[in-house]
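Subject: Handover of a structure

Dear colleague,

Please find below the structure that I am passing on to you. My notes on what was found in it follow.

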Amino acid sequence: IQKSYNMKTFILLLALLITASLTNSRAQDIWTQKTNFGGIEREGAVGFSIDSKGYIGTGGRSNPFLTVYQDFWQYDPVSDAWAQKTDFPGGPRREAVGFSIGNKGYLGTGWSNFSGIMEDFWEYDPESNIWTQKADYGGGERVSATGFSIGNKGYITTGYGDVFSFDFERDFWEYDPESDTWTQKNDFGGAGRYHAVSFSINNKGYVGTGEDWWWHLSDFWEYDPATDEWTQKSDAGGRQHAVGFSINNKGYIVCGAFWDDFEVFSSMIEYDPVVNTWTSKADFAGGARIGATGFSIGNKGFIGTGALYINYNYFYEYTNDFWEYSPTPCIPLTVYADADADGYGNLYDSYFSPDCMVPEGYVYDSTDCNDTDASVHALGNFYVDSDSDAYGAGTLLSICYSGVGTPAGYSINSTDCDD
């Protein structure tokens, strides 16, 4: 009898532990409604985060009449409050691109019924609450493009420049805020498109989904700035006008639509770059929508605004609701100091983060061989090439270089008989 009693007790305790574990896990994969966005209802706005604050601005609506906005708002997740900031001085617009680099925000391109498709580009300083115009986007006039940042550089790709054309772009441009210049890089790996999503994880950028007018696209690509190369990854499923953001070392795509069937989504999928797989997560609690915007702060994701409903006559119901996403708890990790802000960290200057928060000035990567010089980060083995004839000699040396090609004055071989 005692043995039977002990077995029942064990089974009961095991069941309670399993139930508690499942409940706790699910409790972390949830959406929580927060204070509504401070501006009027809209879609096609821009969102990004700087340090511990989030920002949303611009956007527009198509009915009952065409309207575009230029107001700009700051969100504080600690107080769950919105504060209006200086209006975007580039003028009202929708479907622009925004991202942050360091402690500055950037916003540009887009479309307005007053100015058409635009190419201007602006920098926002949250400390002074001032906008400063920068060099125009390198790809020219563009709307419905997408962008992200890695380290101390920003990137924009896809979209279109002619509203009457079916030519969708795939050119890819890198912005350097220090020199205020745009540099064209290798074209995006997929076909031209618009309404794609993007985000960055560690030192890689990711772009995918969208549409090319006739088809909804599901392909998904990874960009490596160290090699300037695109690599196709697992398909993300066909949808357009969705929202993308990253938390810690995972990426998320939320909402969007599939116009072929007039279907609007509330679903969310999570991308793990380590195993290159997508996993379904908790549906967005705010309901199916297109044209929302979002950002991440620490280990939370945030989404707001958008068009909640579309019928066969393309009528929308706009919203300014705002939601916070709490992912499944991460495994505590170690991050590394990035003193030169090149996206590569110093192995010998680390910080253990039990709550997955990455302090400013730290990154996941630990491969920087010189964290005082942003032009170099990779360690390679080379031979001295004193006469610069591409043939080296002597002892194999470990050299810190940019990671691309062979550094000046060195060679990958040691066959020079007279250096």
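Is C369 buried, partly exposed or exposed? C369 is partly exposed, since its relative accessible area is 31%; here buried stands for under 20% relative accessible area, exposed for over 50%, and partly exposed for anything in between (1.4 Å probe, protein chains only).

Before going further, please note that this is a predicted model, in which local features need pLDDT of at least 70, side-chain atom pairs count only at pLDDT 80 or more, and totals for chains, interfaces and linings use all residues. Residues are numbered from 1 along each chain as its sequence is written, and side-chain values use heavy atoms, with hydrogens and water left out.

The disulfide

A search of the whole structure finds one disulfide (a pair of cysteine sulfur atoms within 2.5 Å). Its partners are C369 and C400, with an S to S distance of 1.9 Å. The torsion about their S-S bond is about 80 degrees, so the disulfide is right-handed. The pair links distant parts of the chain, 31 residues apart: C369 lies in the loop between strand 33 (362–363) and strand 34 (378–384), while C400 belongs to strand 35 (residues 393–401). C400 is partly exposed, at a relative accessible area of 26%. Among other cysteines, C255 is buried, with a relative accessible area of 1%, whereas C417 counts as exposed at 82%.

The protein as a whole

The protein has one helix and 36 strands; these are DSSP runs numbered from the N terminus, helices being H or I of at least four residues and strands E of at least two. Of its 419 residues, 49% are buried. The accessible surface comes to about 19100 Å² (Shrake-Rupley method, 1.4 Å probe), and 52% of this belongs to carbon and sulfur atoms. Among contacts (heavy atoms within 4.5 Å) with a separation of 6 or more, 50% are between residues 24 or more positions apart.

Four strands form an open sheet in the order 1-30-27-26, with antiparallel pairing; two strands pair if DSSP finds at least two bridges between them. Strand 1 (30–34) and strand 26 (293–297) are the edge strands, each pairing on one side only. From one strand to the next, the twist averages 25 degrees. Strand 1 pairs with strand 30 (residues 322–326) over five bridges in the antiparallel sense, and Q33 stands opposite W323 of strand 30.

The nonpolar core

The largest nonpolar core contains 14 residues. Such a core is a set of buried Ala, Val, Leu, Ile, Met, Phe, Trp, Tyr and Cys residues joined through side-chain atoms within 4.5 Å. W31, F245, V254, F284 and I303 have the most contacts inside this core. Strand 20 (243–247), strand 21 (250–254) and strand 30 each give two or more residues to the core, and the largest share, three residues, comes from strand 20. Leaving aside its neighbours within four places in sequence, F284 is in contact with W31, V254, C255, S266, R289, I303 and W323.

A hairpin

Strand 6 (residues 72–76) and strand 7 (residues 81–85) pair in the antiparallel sense over five bridges. Together they form a hairpin with four residues between them, and D80 in the turn has a positive phi of about 50 degrees. The bridge partner of Y75 is W82, in strand 7.

Yours sincerely

How values were computed. Axes are lines fitted to C-alpha atoms, for helices over the stretch in contact, and angles run from 0 to 180 degrees between N-to-C directions.
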